[in-house]
Amino acid sequence: MERVFNKVRNLDAYPKINEDFYSRTLSGGVITLVSSIAMFLLFFSELGLYLHTVTETKLVVDTSRGEKLHINFDITFPAVSCTLLSLDAMDISGEQHLDIRHDIVKKRIDSSGNVIEVRQEGIGGPQIDKPLQRHGGRLGHNETYCGSCFGAEASDDECCNSCEEVREAYRRKGWGLTNPDLIDQCKREGFAQKIKDEEGEGCNIYGSLEVNKVAGNFHFVKSFHQSSIHIPDLMAFQEDSYNISHKINKLAFGDYYPGIVNPLDGVHWFQETPNGMYQYFIKVVPTIYTNIRGYKIQSNQFSVTEHYKSREMGQRSLPGVFFFYDLSPIKVTFTETHASFLHFMTNVCAIVGGIFTVAGIVDSFIYHGHKALRKKMEIGKLG
């Protein structure tokens, strides 16, 4: 066994020197102090890099199918009243949603931007007199109300019990509601008076909508849909010019994730010529963000270009703010990672060993140089 220990002892790459033969110098102490400080600084720098997450980016083909696109928006129209403002959406598959009301909130604002009223979509208003039944008589006692749709019924048993339901029936037919005072439901709810009361006001509309993940568009300002051509509604209450100045407080295609940049947030556009279309052409890029804990966020980035289409002579303009979006076939994936512990230890060892070696070389150079210089000086004195 002693022979084995002797063989292992002969493999020692770090032979020990008796402390009696040590020679400590001032230069060696300075170099040790400087190298120790450098070691600590580089160690903590490496530790910070180890604890800091790094985001890796990859581009892959988007093979998802049948998903929905979630759009969040917050837009202010300083010169369009809330009653005359609506949101429509349609896509290339033929699906369309007119005057969307679900998950939409409107704030009436004055010319200074102060909030007058916050309300969910819907007209409401005072109810006066007994409503007219579909058959033409007034609503009687213990009688179920079924209002007329004024020729826009989709079936014989359809009822329109509010001004909104009449307008919706007209919208399906592609008819314009030019005189609400002739509609019993609108007259009882004070629809015409409501529009007059909101004259000169603006509207902040915000909320979200869910659409098919295909190319399409959504747009703001009241309109009807007829044979794929939009005709402005409520012409009796609109002036010859339609001011579509607007400020986009927020527009996002999906959930927030760290580092996302939405290029339209805070964009403000002021209309100079009347009755125009302001168009945003958006390219949506599907994005998946995976944090360090493995939690995935399905979202989207987008780029955008803008175009204003003014009214041409002899043509009816389509006043509104339109967002045309298309989807990229490429998906971007962001993944948070950090260096492995073994990589961290390798770098720490490299720092310690490298500084120790370089410090030893510098100390040896200074020590032997000083020793040689002193020896020459002694020879000079003897000579």
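**Entry 1: the largest pocket**

I started with the pockets of this predicted model. The largest pocket holds about 650 Å³ of space. I listed its lining next, which comes to 18 residues, and G28, T32, A359, G360 and D363 are the closest to the pocket centre. I then looked up which elements give two or more residues to that lining, and found helix 2 (26–51) and helix 6 (341–382). Helix 6 gives the most, with eight residues.

**Entry 2: the chain as a whole**

I stepped back to the overall counts. The protein chain has six helices and 16 strands. I find 38% of its 383 residues counted as buried. I also checked the contacts with a separation of 6 or more: residues 24 or more positions apart account for 73% of them.

**Entry 3: the nonpolar cores**

Which residues touch the most other members of the largest nonpolar core? I get F218, F220, L251, F253, I282 and F323, out of 37 residues in that core. I then went through the strands that each supply at least two residues: strand 2 (68–77), strand 3 (87–91), strand 7 (202–212), strand 8 (216–220), strand 11 (246–252), strand 12 (267–269), strand 13 (277–290) and strand 15 (320–327). Strand 2 gives the most to this core, with five residues. I noted the general background as well: in soluble globular proteins, nonpolar side chains tend to be buried together.

I took F253 as one member to follow up. Leaving out residues up to four places away in sequence, F253 touches L69, H70, I71, F218, I282, V284, S299, N300, F302 and Y325. There is also a second, separate core of nine residues, and V166, A169, Y170 and I183 are among them.

I looked at strand 13 next, for burial and then for pairing. Eleven of its 14 residues are buried, so strand 13 is largely enclosed by the rest of the structure.

- With strand 14 (residues 296–309), strand 13 pairs in the antiparallel sense over 14 bridges. K283 stands opposite S303 in strand 14.
- With strand 15, the pairing is in the parallel sense, over eight bridges. Here I282 stands opposite Y325.
- With strand 16 (residues 330–337), strand 13 also runs parallel, and four bridges join them. I288 faces T333 in strand 16 as its opposite residue.

I checked the turn of the hairpin formed by strand 13 and strand 14. There are five residues between the strands, and G294 takes a positive phi near 90 degrees.

T290 lies in strand 13. Is T290 buried or exposed? With a relative accessible area of 13%, T290 is buried, because the cut-off for burial is under 20%. Its contacts, leaving aside neighbours within four places in sequence, are Y295, K296, F334, T335 and E336.

L327 belongs to strand 15. I find L327 at 16% relative accessibility, so L327 counts as buried too. Not counting residues up to four places away in sequence, L327 touches K213, V214, A215, K283 and V284. I also took the C-alpha to C-alpha distance from L327 to V285: the two are 6.1 Å apart in space and 42 residues apart in sequence.

**Entry 4: aromatic rings**

I finished with the aromatic residues. The count comes to 23 aromatic pairs. I picked out Y257 and Y289, whose rings are stacked at 5.4 Å centre to centre, with 25 degrees between the planes. The pair counts as stacked because the planes are under 30 degrees apart. Why does this pair tie together parts that are 32 residues apart in sequence? Y257 lies in the loop between strand 11 and strand 12, whereas Y289 lies in strand 13, so the pair links those parts. Both Y257 and Y289 are buried.

I then listed one aromatic cluster, formed by F73, F77, F218, F220, F253, W269, Y278, Y280, F302, Y308, F323 and Y325. I went back to the core list for comparison: F218, F220, F253 and F323 are among the residues that touch the most other members of the largest nonpolar core.

Notes: Residues are numbered from 1 along each chain as its sequence is written. This is a predicted model: local features need pLDDT of at least 70, side-chain atom pairs count only at pLDDT 80 or more; totals for chains, interfaces and linings use all residues. Side-chain values use heavy atoms; hydrogens and water are left out. A nonpolar core is a set of buried Ala, Val, Leu, Ile, Met, Phe, Trp, Tyr and Cys residues joined through side-chain atoms within 4.5 Å. Buried means under 20% relative accessible area, exposed over 50%, partly exposed in between (1.4 Å probe, protein chains only). Contact means heavy atoms within 4.5 Å. Two strands pair if DSSP finds at least two bridges between them. Rings of Phe, Tyr and Trp (its six-membered ring) pair if their centres lie within 6.5 Å; planes under 30 degrees apart count as stacked, over 60 as edge-to-face and the rest as tilted. On a 1 Å grid over the protein atoms alone, a cavity is a set of points where a 1.4 Å probe fits but cannot get out, and a pocket is an open set with protein on both sides within 12 Å along at least five of seven lines; lining residues have an atom within 4 Å of a point. Grid points are joined across faces, edges and corners, and a volume is the space filled by probe spheres set on the points.
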